[in-house]
Amino acid sequence: MKQFQYVKASSNAGVITAISKPGTKIIAGGTNLVDLMKRGVTAPDRLVDITHLPLKSINITGKGLHIGALALNSVVAENALVVEKHPLLAMALKAGASPQLRNMATVGGNMMQRTRCTYFYDTAMPCNKRAPGTGCGAIGGINRMHAIFGTSSKCIAVHPSDMCVALAALDATVIIAGPKGQRTLQFTEFHRLPGEHPELDNHLATGEMILSVEIPDNNFAKNSYYLKVRDRQSYAFALVSVAAALDIQNGVIRGARLAMGGVAHKPWRLFEVEKSLIGKKPTEENFAQAAQLAMQGAKAYEYNAFKLKLAPATIAEALKHASGLV
Amino acid sequence: MENEKFGMDARQQTDLKDPSRRSFIKQSSLLTAVALTPATALKAAEDHLDEQIAGVLEKLPLRMEVNGEMHNLSVEPRATLLDILREEMDLTGTKKGCDHGQCGACTVHVDGQRVNSCLTLGIMVNGKKVTTIEGLAKGDVLHPMQEAFLKHDGFQCGYCTPGQIMSAVACINEGHANSEGEIREYMSGNICRCGAYPNIVNAIMDVKNGGMEA
Ligand SMILES: Cc1cc2nc3c(=O)[nH]c(=O)nc-3n(C[C@H](O)[C@H](O)[C@H](O)COP(=O)(O)OP(=O)(O)OC[C@H]3O[C@@H](n4cnc5c(N)ncnc54)[C@H](O)[C@@H]3O)c2cc1C
Ligand code: SF4
Ligand code: FES
Ligand code: FES
């Protein structure tokens, strides 16, 4: 690992000043950054440790449930307010990584984690995300883990987070601070599709940091489910995952939220499918139809065609769990 | 943590005389450079060598409690807790399996919580308490979890065992050992190539049912 300078920021302003300089990166839990630095995928000159800043709180505000960027994944997953109001988020967090890693990983770091594409990790391989202009090793390579939605000719990587899939489904917003002050973004607008610039994972600008996320109140707590399909039962990234949340009243679906992980460069929210479920009864047939609708525009590569079947099956199954059919 | 803010002493005396120094100090007072031999730092501050400090700072002071004993070390910022424990402190009970967070062999407790020491920068543990496998036994009296691993044959080659035991103790302390299924899920961060899993689960159930003393 390249030698670097280590500093601690004593305020958000200190962080912003520091990261406005090229070569400087925030370190939170370190579970992604230290890994990437060991492999030479990234080599910052300076790290700003933010872990002692007061950004860990989880509390109710006028806008819903507020979760600080430094709240640990393990703490959020077990927080009483989260479990009561947004069990979907708790389920998604518990499906991610391992207990040890969740004790280190933060909400902000989880959002900012980079793809697990093996070509991105291997510095001997071409990768437009790691080294723009070198080509994409995965297109035409071993692309079993890769995307089926929203790909470009430059990159077909997926965003690996579970937590983010739940936050996208739950209409969360992201609160960001930067040199020009604070701003908010819809969670679904935070991450990008690869397009011509796969080196950019999201819309955070230079000098900006994540302060928190906020989840508005909803009626989904009773009928939500996070279903993650992976190569082994635990401690593995998703092949496909689905966050499903339903508002069912008198046997009729009044509201629905659906998002997928493991299929795109960002958490893949299924707005059209959600609309199609409104007014319908929670039945297997309706869920199977919704799952088919979700696959419009899907495109497979050599080794990930199985996702074209796995994804709709996972959606239908997640909806069945959410609605209590299984 | 009593990290020194660099330029602190120099500030009152020199602030007004030198505007470029003032802006340097203003910027750096937002960041606490944890660091360094104060002499080199002050020298760097006086020379306005913000960018070049990186080169000067090869080692930083690290003060941490390991297995009940306070240690004052001097470490490179890039040194992981795992490497510091093994290479600097001779605590080789904690194992390096993958070095990338994928196996759990390096599991230790920091302030009572289990973490992967291979992905933890040592310098970020400054002021904290670390417990490793060497810190579990009380003299010659093994920790109940160590006893249970012996009793249930919770290992074959033993390489993953220190990490398994540290994780198992945390698993019970966290309240995640209420059923076989829950134990398997909450022990999933520790891989065993020998496949001793059923016996590991039995050992944990045994300690849990026997009411573990911390
Ligand atoms: C073996 C392994 C398995 C894993 N499995 C899963 C899994 O199944 N599901 C899953 O979802 N995740 C998984 N992860 C990933 C893990 O969840 C992330 O590594 C973790 O969430 C990152 O958080 P962190 O705080 O450690 O981030 P860090 O490593 O500290 O930082 C990551 C990035 O975020 C930036 N950053 C951190 N905080 C902020 C902030 N407040 N504002 C702006 N930028 C910030 C940093 O600059 C850095 O670029 C796994 C990781 C490993 C090593
Ligand atoms: S899919 Fe994206 S991350 Fe993977 S090799 Fe291609 S450009 Fe790189
Ligand atoms: S050595 Fe740390 S997880 Fe494998
Ligand atoms: S006992 Fe050999 S790896 Fe677990």
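## Backbone contacts to ligand 1

A polar backbone atom of Ala97(A) sits 3.0 Å from an oxygen atom of ligand 1, a polar contact being a pair of N or O atoms within 3.5 Å; within protein, one must be able to donate a hydrogen and the other to accept it, and residues adjacent in sequence count only if both atoms are side-chain atoms. Taken alone, ligand 1 exposes 990 Å², and the protein buries 96% of that (accessible areas come from the Shrake-Rupley method with a 1.4 Å probe; for residues, only the protein chains shown count as cover). The backbone of Ala28(A) also takes part, with a polar atom 2.8 Å from a ligand 1 oxygen. For Ile26(A), a backbone N or O atom lies 2.7 Å from an oxygen atom of the ligand.

A word on the ground rules: this is a predicted model, where local features need pLDDT of at least 70 and side-chain atom pairs count only at pLDDT 80 or more, while totals for chains, interfaces and linings use all residues. Residues are numbered from 1 along each chain as its sequence is written, chains are lettered from A and ligands numbered from 1 in the order in which they are written, and side-chain values use heavy atoms, leaving out hydrogens and water.

## The shell around the ligand

Which residues come nearest to ligand 1? Of the 35 around it, they are Ile26(A), Gly30(A), Thr31(A), Thr106(A) and Asp162(A) (near means that a heavy atom of the residue lies within 4 Å). The site is shared between chains, because residues from both A and B surround ligand 1.

In chain A, β2 (24-27), α7 (107-112) and β8 (209-215) each supply at least two residues of this shell. The biggest contribution is that of α7(A), with four residues. Helices (H or I, at least four residues) and strands (E, at least two) are DSSP runs, numbered from the N terminus.

## A buried lysine

Lys129(A) is found in the loop between α8 (118-121) and α9 (163-169) of chain A. Is Lys129(A) buried or exposed? Its relative accessible area is 5%, so Lys129(A) is buried (buried means under 20%, exposed over 50%, partly exposed in between; 1.4 Å probe, protein chains only). A polar atom of the Lys129(A) side chain lies 2.7 Å from the backbone oxygen of Pro198(A).

## Cysteines

Over all chains, the structure holds zero disulfides (pairs of cysteine sulfur atoms within 2.5 Å). Cys117(A) counts as buried at 9% relative accessibility, whereas Cys136(A), at 22%, counts as partly exposed.
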